[in-house]
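Hi there,

Here is the structure I promised to pass on. Have a look at it first, and then read on for what turned up.

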Amino acid sequence: MSYDTVALVAREPGLERVIRVLEQTASDLWVSPHPDTAMLELRDGDGALLATVEPGLAMASRQEIGRLLGQDTQDTAPDPCWWVETRARPDEAGRRVADGFAQTLAARLGGTVWTSGPADTAFWTETAHPAIDRVTDRAVLVSQDRPVVPWSSWLADAAVRGGGERGLQLRTPASSRLTLSAWTAVTASRGLWVVQDGDGGHFDGTSGLALSWDEQQGFVPHVPDPPGKRRRKPVGQVPEGPVPAFLDEPPTGTHLEVRLSIVHPEGEEPRIGRGAEVLAECLSGPPPAAWDLHEPLTRPWDPARMLDSARHRAPERLLLHFAGPWEQGHPYVGRIGLTWSGDVLSEEVTMLVGLEQGAEGQSLSRLAETVEALGERDLLDTLWARRFVGRPDTTHVPVWRGLGSPLGIAVGPRRAEKVGLTATENGPIPGTPFGPPEHRSVWYPALGDVDDPRRALKVLRAQWQHLTEHAQQ
């Protein structure tokens with residue numbers, strides 16, 4: 001596992017101050033910039049990398065500290081606060097350098113220090129990247145020993161630098177949880193969440209299948225040895241079932257997931273972020289508090305600055321992350337994907353709301369109200385909603401949570417116009433219309449099928465197919 005420290009300091013940790021601290025705590029090391037970044041590398045006399053320091057990040061919200069590092073750390077952190085993270089080589093020399101730098105920086109600038117769990121060198125080999133433990137032909141392995149693993153700039157850079165056909169494999173203890181952004185990125189195509197089972201083995205954090213190490217592929221599903229004398233023909237390559245640790249008691253809360261698609265027409269000022277605000281207003285209460293390109297989220301919620309970032313990156317796709325005020329309403333986090341096609345901007349919003357046991361009914365009943373509000377403000381092309389078993393704090397844990405239950409789909413005024421008024425009012429699911437015929441949004445709830453996930457999904461797909469076929473006529 002990695003060894004990470006975060007110094008939470010009261011005064012801005014400018015480059016000059018950081019260098020002074022490094023001169024005091026690591027005078028025998030070489031300090032140099034990490035290629036193509038603002039990070040600083042600390043190397044010994046033989047050129048071996050001991051630690052890498054990321055520039056200080058000014059925190060827009062103290063609650064972001066609590067979300068990622070725990071309430072106790074938030075309570076002891078200064079206000080205002082800068083986040084200075086160091087990733088160290090997972091051995092005694094690396095830990096000593098990271099601890100010395102973080103403690104001295106906090107003593108000089110005022111603040112506190114958070115450290116990750118004990119380092120683990122089981123799969124570590126020296127690489128050119130501070131976040132990567134090992135690289136194979138098909139995988140990039142990153143190990144993290146922290147209670148909550150965010151989609152940090154370290155992880156994002158490791159995924160990019162792995163490149164090509166290599167998938168990102170994130171290895172954590174079974175006690176670790178992933179944020180929505182980390183979980184989505186790691187479990188995407190070719191990615192894998194590798195979880196220690198406590199007995200020296202590993203399993204897939206999303207399927208529970210046992211994993212074993214392959215020098216070319218990285219971690220792969222474990223295939224049991226053939227039973228030998230009991231069969232004359234070799235058994236097929238079939239993985240074993242889920243490990244017992246994956247079948248532990250599931251969380252008692254609910255994750256309400258909403259996927260909203262918005263098309264901002266050519267010639268109009270794109271109102272990015274407004275859809276997320278409506279979702280937050282209807283399903284939680286308070287508007288988003290912070291956003292950023294990675295976690296921690298350091299920038300105050302500001303749709304104008306988000307649009308500037310999208311224009312600066314155009315025509316490349318931009319992915320933003322956001323979260324709500326952590327001590328108001330229901331906790332929620334989300335992602336916004338922005339894609340340009342000429343002058344037309346498409347916005348894909350994924351929002352995950354964490355609900356305590358017993359709070360589910362009221363929030364789910366507000367989905368129809370959400371569709372109505374989005375349609376009225378021209379912030380709806382399509383919407384899909386579903387629910388899962390999950391922790392109310394929105395993090396993902398490596399245990400079986402059952403099948404997700406689709407809750408319903410919706411179409412907005414422009415899409416409803418393409419489909420036609422008659423077709424929107426017909427199909428396998430009776431829709432709930434909002435607005436006048438010339439500006440209609442329609443919500444198609446799964447109704448009684450929500451407790452039968454397979455049937456609910458089948459019916460919603462049939463309704464979607466009905467709408468698609470009429471839109472093409």
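Apart from its neighbours within four places in sequence, R177 is in contact with P147, V148, V149, R391, D393, T395, H396 and V397. Please keep in mind that this is a predicted model. R177 sits in strand 12, which covers residues 177–178. Its side chain makes a polar contact of 2.9 Å with the side chain of D393. Is R177 buried or exposed? Its relative accessibility is 17%, and buried means under 20%, so R177 counts as buried.

Now for some backbone geometry. Most residues other than glycine have a negative phi, and most peptide bonds are trans. Two residues and two peptide bonds are worth a look with that in mind.

T394 is not a glycine, yet its phi is positive, near 75°. You will find T394 in the loop between strand 23 and strand 24 (405–411), and with a relative accessible area of 3% it is buried. D378, also not a glycine, has a positive phi of about 55°. D378 belongs to the loop between helix 10 (367–376) and strand 23 (382–390). With a relative accessible area of 32%, D378 is partly exposed.

As for the peptide bonds, the one joining D79 and P80 is cis, with omega about 5°. P80 is in the loop between helix 3 (71–76) and strand 6 (82–88). Another cis bond runs from A314 to P315, where omega is near 5°; P315 lies in the loop between helix 8 (303–313) and strand 20 (318–323).

Definitions and conventions. Residues numbered from 1 in each chain as written. Predicted model: local features only at pLDDT ≥ 70, side-chain atom pairs only at ≥ 80, totals over all residues. Heavy atoms only, no water. Helix = DSSP H or I, 4+ residues; strand = E, 2+ residues; numbered from the N terminus. Buried < 20%, exposed > 50% of the residue type's maximum accessible area, 1.4 Å probe, protein only. Polar contact = N/O pair within 3.5 Å; in protein donor to acceptor, adjacent residues only side chain to side chain. Contact = heavy atoms within 4.5 Å.
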